[in-house]
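Here is a short briefing for your next look at a model. Please keep the viewer open while you read.

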Amino acid sequence: MKKINQGEQTTTGDSSESNSDTDAVDPRLENMPFIEAFGHHYHISGKIFLPFDEPERKRLEVQHKLYRHCLDGALTHTRLPLDTAQIVDLGTGTGVWAIEMAARYPQTQITGIDVYPIQRRKGVPPNVKFEIGDVEDPWNFPDNSVDFVHARSIAGGVRDWPGLLRQAYTKLKPGGLFEMTEIALNILDFDGKFAEADLCPEFLKIFRDLCNEVGMDFNPSPHVPDWLVEADFEKIVQRSEILPAGSWAQDDKLKARQALMNSITTEHYVLDNHCGLLFKSCGWTKEQFDAIVPSFWQEVRAANIRPYITAVFTTARKPREPRA
């Protein structure tokens with residue numbers, strides 16, 4: 001298979017083999033052009049900093065289990081009414097959330113939108129459909145027609161967050177509900193020895209500087225409540241859940257999350273996966289990137305550190321009546 005570097009053109013795609021979690025690969029991927037960066041495949045536009053190859057699809061399936069664990073087995077933090085008729089799932093990924101929601105809400109039409117055709121192809125209920133498109137483009141729904149908008153782990157693929165939230169508001173019915181889940185871009189010590197200061201500050205500073213350079217906010221959660229207010233949402237609530245890494249967790253709940261976290265917080269999954277295109281776009285070589293990685297892992301895995309990150313769940317409602 002011919003691969004391309006950023007700026008080159010070709011017409012090839014991903015030939016990942018199927019796996020038990022994600023089923024067979026969509027044939028559209030076979031002819032889908034891509035940018036390769038640090039061994040991972042990214043959207044040909046160069047504007048989506050999340051990959052779509054097999055390791056990423058496997059990571060998304062584990063991440064789904066991790067989020068469900070944070071919600072005590074539920075699929076949403078939001079309590080949906082029984083008469084929910086229309087749900088839009090932004091950044092649907094493999095489609096696992098939409099498929100599981102469809103089983104719980106068989107009367108509800110669920111539409112998953114993603115820029116990549118990586119959705120499961122088996123076991124898709126009749127009340128689920130997937131559309132391939134950029135979530136920042138206009139959605140194919142009339143205004144005031146959607147009951148629930150769900151967005152999860154789309155940081156790295158969104159440039160205009162306020163614009164996205166305004167579109168969600170416009171498409172929601174009066175009284176419609178919104179939920180967004182993202183991982184906060186901070187690595188903290190559970191012992192609080194650093195007064196909530198970041199672990200790995202040097203690496204994270206480089207990462208954030210590069211995000212600013214390309215105009216991509218990988219850590220929107222701190223700003224989301226204000227953006228929701230600006231879009232006229234109400235009943236805005238944020239909830240954070242600890243996701244431990246390493247081997248320090250003691251109680252069963254944190255141990256279960258830790259096991260899932262450890263399966264996807266490796267050199268391959270965390271850094272190469274989500275840093276590849278970002279660093280390459282800013283002129284870094286793989287060799288330069290690899291040179292700064294050991295100090296990152298050395299600090300995270302230090303014996304006296306109990307590292308964790310947080311999953312941030314944000315919920316809101318469109319007012320039932322127009323504001324005066």
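Asp160 caps the N-terminal end of helix 3, with a side-chain oxygen 3.0 Å from the backbone nitrogen of Gly163. The model is predicted: local features need pLDDT of at least 70 and side-chain atom pairs pLDDT 80 or more, while totals for chains, interfaces and linings use all residues. Residues are numbered from 1 along each chain as its sequence is written, and side-chain values use heavy atoms, without hydrogens and water.

**Helix 3**
- Helices here are DSSP runs of H or I with at least four residues, and strands are runs of E with at least two, numbered from the N terminus.
- Among the buried residues of helix 3 are Trp161, Leu165 and Tyr169.
- These buried residues pack against strand 3, strand 6, strand 7 and helix 5.

**Nonpolar cores**
- The largest nonpolar core has 50 residues, and Phe218, Leu278 and Phe279 have the most contacts inside it.
- Such a core joins buried Ala, Val, Leu, Ile, Met, Phe, Trp, Tyr and Cys residues through side-chain atoms within 4.5 Å.
- A second, separate core of 26 residues includes Tyr169 and Leu228.
- Beyond its neighbours within four places in sequence, Phe279 is in contact (heavy atoms within 4.5 Å) with residues including Phe38, Phe207 and Trp284.

**Cysteines**
- The structure holds 0 disulfides (cysteine sulfur pairs within 2.5 Å).
- For Cys275, the nearest cysteine sulfur is that of Cys211, 8.4 Å away.
- Cys275 is buried at 2% relative accessibility, and Cys70 is buried at 1% relative accessible area.

Conventions. Buried < 20%, exposed > 50% of the residue type's maximum accessible area, 1.4 Å probe, protein only. Polar contact = N/O pair within 3.5 Å; in protein donor to acceptor, adjacent residues only side chain to side chain.
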